[in-house]
Amino acid sequence: MLRSLATTVLGLMLGLLLAGCQTQLFGNLSESEANAVLAALLDASLSAEKRLGEENTFAVFVEADEFAQAVRVVEDQALPGRRYDDMGNVFGKEAMFSTPLEEKARYLYAMQEELAHTVGTIDGVLQARVHLVLQEKDQLGRDVQTPSAAVFVKYLDDERHDATTQRREIRRLVAAAIANLDEERIVVSFFPSPIRRLPPVALSWRSILGVRVEEDSLTRLGVFLGCLLLLVLVLLGLLVRSHSRKNRP
């Protein structure tokens with residue numbers, strides 16, 4: 001009877017502990033990626049923690065009851081951010097034999113990734129994609145395809161960073177990277193992403209035996225301490241019962 005009660009009390013205490021534990025939001029992040037996610041969550045008044053993982057990677061944990069809000073915040077800010085390929089990665093995957101068409105496709109993809117990565121580093125830019133049309137000539141050297149570019153920019157709708165002011169610089173940057181590309185044939189489109197800012201939570205505190213405890217946690221603390229006291233009493237009962245059995249003639 002006492003052992004069954006002790007098991008029940010332990011299960012209840014474990015449930016209370018798990019109710020207040022954290023859950024992983026992201027894993028396998030670089031330190032800069034984890035810091036960006038952590039900063040966004042803290043700015044949104046959410047509880048978050050960065051932890052070191054395996055192979056020098058990082059994970060971000062949030063409170064279980066704030067998980068849904070955390071997901072919305074990082075989605076709005078396109079975090080932890082896209083990982084771009086570069087020239088080395090693209091041409092490092094080169095097969096033993098490649099056709100000219102395959103080489104051209106690799107070059108086009110690599111240039112788009114490199115330019116998108118560069119644009120993505122501008123303050124306030126959350127995501128960037130670049131689509132290129134390269135110049136083509138026929139066998140007589142006549143132009144059959146004029147180069148052009150389209151740049152997609154998703155930016156943070158924040159007064160601190162106004163990425164739309166960089167339209168001209170982005171066009172100049174792309175034009176300088178592609179041979180014979182006229183700035184007039186570059187379209188840069190901006191799409192704002194609003195920031196979800198949760199109102200700051202005013203915490204109320206109570207003093208319990210000289211220890212400050214948040215009011216919302218008082219009930220959980222009371223139940224936990226009650227279970228702990230009950231567990232101690234059950235264990236004492238088991239100890240007394242075992243001792244009395246040993247002393248029987």
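Modeller: An axis here is a line fitted to C-alpha atoms, for helices over the stretch in contact, and angles run from 0 to 180 degrees between N-to-C directions. On that basis the axes of helix H2 (residues 31–43) and H3 come within 10 Å and cross at roughly 115°. The model is predicted: local features need pLDDT of at least 70, side-chain atom pairs count only at pLDDT 80 or more, and totals for chains, interfaces and linings use all residues. Residues are numbered from 1 along each chain as its sequence is written, and side-chain values use heavy atoms, with hydrogens and water left out.

Biologist: What makes the contact of H2 with H3, and how do its residues divide?

Modeller: Val37, Ala40 and Leu41 of H2 meet Ala70, Val73 and Val74 of H3, contact being heavy atoms within 4.5 Å. Six are nonpolar, with no polar and no charged residues. Ala, Val, Leu, Ile, Met, Phe, Trp, Tyr, Cys and Pro count as nonpolar, Asp, Glu, Lys and Arg as charged, and the others, Gly among them, as polar.

Biologist: Why is H5 called roughly antiparallel to H6?

Modeller: The axes of H5 (residues 100–120) and H6 (residues 167–177) come within 11 Å and cross at roughly 150°. Angles over 145 degrees count as roughly antiparallel (under 35 is roughly parallel, 65 to 115 roughly perpendicular, the rest oblique), so H5 is roughly antiparallel to H6.

Biologist: Which residues of H5 and H6 meet?

Modeller: Met111, Leu115, Thr118 and Val119 in H5 meet Ile170, Leu173, Val174 and Ala177 in H6. That contact has seven nonpolar residues, one polar and no charged.

Biologist: Why is the pair of Tyr155 and Phe190 called edge-to-face?

Modeller: Two aromatic pairs are found in the whole structure. Rings of Phe, Tyr and Trp (its six-membered ring) pair if their centres lie within 6.5 Å; planes under 30 degrees apart count as stacked, over 60 as edge-to-face and the rest as tilted. Tyr155 and Phe190 are 6.0 Å apart centre to centre with 80° between the planes, hence an edge-to-face pair. Tyr155 lies in strand S7 (residues 148–156) and Phe190 in strand S8 (residues 186–193), 35 residues apart.

Biologist: What makes the loop between H3 and H4 worth a look?

Modeller: Ala78 in that loop has a positive phi of about 55° although it is not a glycine. Pro80 is in the loop too, and a cis peptide bond joins Leu79 and Pro80, with omega about 10°. Most residues other than glycine have a negative phi, and most peptide bonds are trans.

Biologist: Where is confidence lowest and where highest?

Modeller: The mean pLDDT (the predictor's confidence in each residue, from 0 to 100) is lowest in H1 (residues 2–19), at 52, and highest in H6, at 94.

Technical notes
Helix = DSSP H or I, 4+ residues; strand = E, 2+ residues; numbered from the N terminus.
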